[in-house]
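Here are a few notes to go with your first look at this one. Have the sequence and the 3D view open while you read.

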Amino acid sequence: MTDFMATGESHRRTPPMNRRVVDRQTPRELSAIGHGGKYRVCVIVGTRPEAIKMAPVILELAQHRHVIDTMVVTTAQHREMLSQALDAFGIKPHVDLGLMSAKQALADFTARAMLALSSCFAETRPDLVLVQGDTTTVLCAALAAHYLGIPVGHVEAGLRSGNLRNPFPEELNRRLASVVADLHFAPTETARENLLREGIPDDRIVVTGNTIVDALRRMPRKASFDDPRLNALPWEKRRFVLCTVHRRENLGEPLANICRALGELASMHTDTHFVFPVHLNPHVRDVVFDELSGMPRVELLDPLGYADLLELLRRSEFAMTDSGGIQEECPSLGKPVLILRKNTERPEVVASGFGRVVGTETLSIVDSATLLLDDVREIEKMTAGENPFGDGMAAPRIVQTIMRRAPKHAGGLPVPEGPALLPTRRAVEP
Ligand code: UD1
């Protein structure tokens with residue numbers, strides 16, 4: 001099971017529930033094989049950010065394959081963007097539930113994911129289900145595991161914006177995941193405090209740092225890009241700014257405002273290129289390409305591989321984004337970030353100086369970016385602080401905690417002094 005990095009032959013049988021099996025075994029076969037006396041950890045990934053932030057955890061779990069049976073399951077809430085992210089780390093999922101549909105509605109995806117994940121867990125009977133972040137995949141996996149009495153570990157627990165509509169539906173997803181989870185891996189002390197405030201017992205929270213720091217440290221610098229359009233840019237002659245927008249609450253008018261701001265900035269600052277890898281969501285692409293196609297010095301690209309994205313950020317003056325992950329990557333790479341949202345659940349990025357919340361109004365975005373482009377001291381001011389997201393050792397901390405707290409009977413894990421935290425494996429509903 002832990003050989004997920006090996007290239008296996010695709011399974012030929014048509015599995016149930018629209019499931020695409022990309023490795024050698026179906027959940028039913030895995031169930032028949034059993035756990036082999038090992039502690040089975042099922043890692044769930046659905047979207048690009050989950051893949052990037054879970055990758056270091058998956059690779060760390062693999063280091064303990066003598067006692068942990070790691071099973072990587074993807075809902076494929078994202079198809080191309082998820083594969084691209086997993087490929088960057090050489091990870092192949094054991095089970096691909098293949099649930100993405102064109103212009104998927106939240107209720108539709110939620111219903112399908114609940115059913116598919118429940119059936120997958122019932123068949124494979126993991127000892128622990130591990131989820132990351134705040135997507136619909138996270139909500140469904142946590143709930144499906146809970147219904148079956150399977151303990152849940154939540155990576156990147158405790159982020160809060162305090163507004164259920166912003167970000168939507170992520171604030172709701174992560175709050176519900178916290179209610180369900182047995183183990184909470186908080187990336188920062190602030191996240192831990194949020195969880196404590198909601199009544200989560202202290203002994204179920206571990207502050208680990210954010211696994212994104214682990215992930216980006218695995219990506220070496222690149223002399224050239226995989227994407228030929230990036231290689232063709234005049235790196236020696238111009239300055240560059242990375243732009244991304246995809247959040248649901250920014251779709252429509254806010255996204256159009258952001259695009260207008262980018263257009264104005266590109267015409268005002270003729271020495272600067274604005275590089276915009278555009279999310280595959282058609283609601284994003286339609287607006288962005290309508291507003292910005294053909295605009296000089298605005299480079300509209302397809303989603304980039306993770307190594308290319310990081311190299312682009314390293315070469316940029318700063319980023320303008322509504323992405324959570326890029327808000328964390330910027331301090332990790334010493335870059336300022338202008339946050340194209342009304343709020344952030346990552347107050348650490350603002351407190352450390354690296355981030356400014358600039359909203360989605362055209363004027364405010366143009367002014368904030370111009371300040372940085374006109375005065376290099378502003379950039380120096382923003383980047384003088386410390387990275388608040390940890391030391392790149394989050395994944396080993398998470399895996400050590402799982403090993404320490406696994407119940408003794410689960411098989412062979414060295415159980416340390418003190419009470420085992422996770423409940424022993426409960427009966428799984430038929
Ligand atoms: C999802 C997450 C969001 C996360 C974001 C990262 C939810 C509710 N939202 O938002 O928290 O920040 O992923 O990207 O879970 N599409 C493709 N190919 C892909 C990916 C997406 O075609 O590889 C299209 C599909 O048509 C899909 C649409 O994009 O219907 C939107 O994807 P969806 O997963 O519903 O929401 P995101 O906006 O990507």
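From which domains does the shell around the ligand draw at least three residues each? Keep in mind that this is a predicted model.

1. Let's start with that question. Domain 1 (27-209 + 393-410) and domain 2 (228-382) each give at least three residues to the shell around the ligand. There are 22 residues around the ligand, and those that come nearest are His78, Met81, Thr135, Leu280 and Asn281. As for secondary structure, α2 (48-62) and α3 (80-88) are the elements that supply two or more residues to this shell. Sorted by class, the shell holds seven nonpolar, eight polar and seven charged residues.

2. Threonine 47 deserves a look next. You'll find threonine 47 in the loop between β1 (39-45) and α2. Is threonine 47 buried or exposed? It counts as buried, because it has 22 C-beta neighbours inside 10 Å, and the cut-off for buried is 20 or more. Leaving aside residues up to four places away in sequence, threonine 47 touches Gln77, His78, Leu82, Thr135 and Thr137. Two of these names, His78 and Thr135, are also among the residues that come nearest to the ligand. Serine 83 is 36 residues from threonine 47 along the chain, yet their C-alpha atoms are separated by 9.1 Å.

3. Now the sheet. Seven strands form an open sheet with parallel pairing, in the order β3-β2-β1-β4-β5-β6-β7. β3 (95-96) and β7 (205-207) are the edge strands, each pairing on one side only. Strand β2 (residues 68-74) runs parallel to β3, and two bridges join them. If you want to find the spot on screen, go to valine 73, whose bridge partner in β3 is valine 95.

4. Helix α11 (residues 282-292) has a buried side, with Val287, Val288 and Leu292 buried. Why do these residues sit on the same side of α11? Around the axis they cover an arc of only 95 degrees, so they end up on one side of the helix. The buried residues of α11 pack against α10 (253-268), β9 (272-277) and β10 (298-301). On the face turned away from that buried side, you'll see the exposed residues Pro282, Asp286 and Asp290.

5. Arginine 297 lies in the loop between α11 and β10, and it counts as buried because 20 C-beta neighbours fall inside 10 Å.

6. Another arginine to check is arginine 125, which is not a glycine but has a positive phi of about 45 degrees. Arginine 125 belongs to the loop between α4 (106-124) and β4 (128-132). With 17 other C-beta atoms within 10 Å, arginine 125 is partly exposed.

7. Last, the cis peptide bonds. One joins asparagine 166 and proline 167, with omega about 5 degrees. Another cis bond runs from phenylalanine 168 to proline 169, where omega is near 0 degrees. Where do these prolines lie? Proline 167 is in the loop between β5 (152-155) and α6 (170-180), and proline 169 likewise lies in the loop between β5 and α6.

Notes: Residues are numbered from 1 along each chain as its sequence is written. This is a predicted model: local features need pLDDT of at least 70, side-chain atom pairs count only at pLDDT 80 or more; totals for chains, interfaces and linings use all residues. A residue is near a molecule or strand if its C-beta atom, placed from the backbone, lies within 6 Å of it. Helices (H or I, at least four residues) and strands (E, at least two) are DSSP runs, numbered from the N terminus. Ala, Val, Leu, Ile, Met, Phe, Trp, Tyr, Cys and Pro count as nonpolar, Asp, Glu, Lys and Arg as charged, and the others, Gly among them, as polar. Domain bounds come from an automatic or database domain assignment. A residue is buried if 20 or more other C-beta atoms lie within 10 Å of its own, exposed if 12 or fewer, and partly exposed in between; C-beta atoms are placed from the backbone. The arc is that of the directions from the helix axis to the C-beta atoms. Two residues are in contact if their C-beta atoms, placed from the backbone, lie within 7 Å. Two strands pair if DSSP finds at least two bridges between them.
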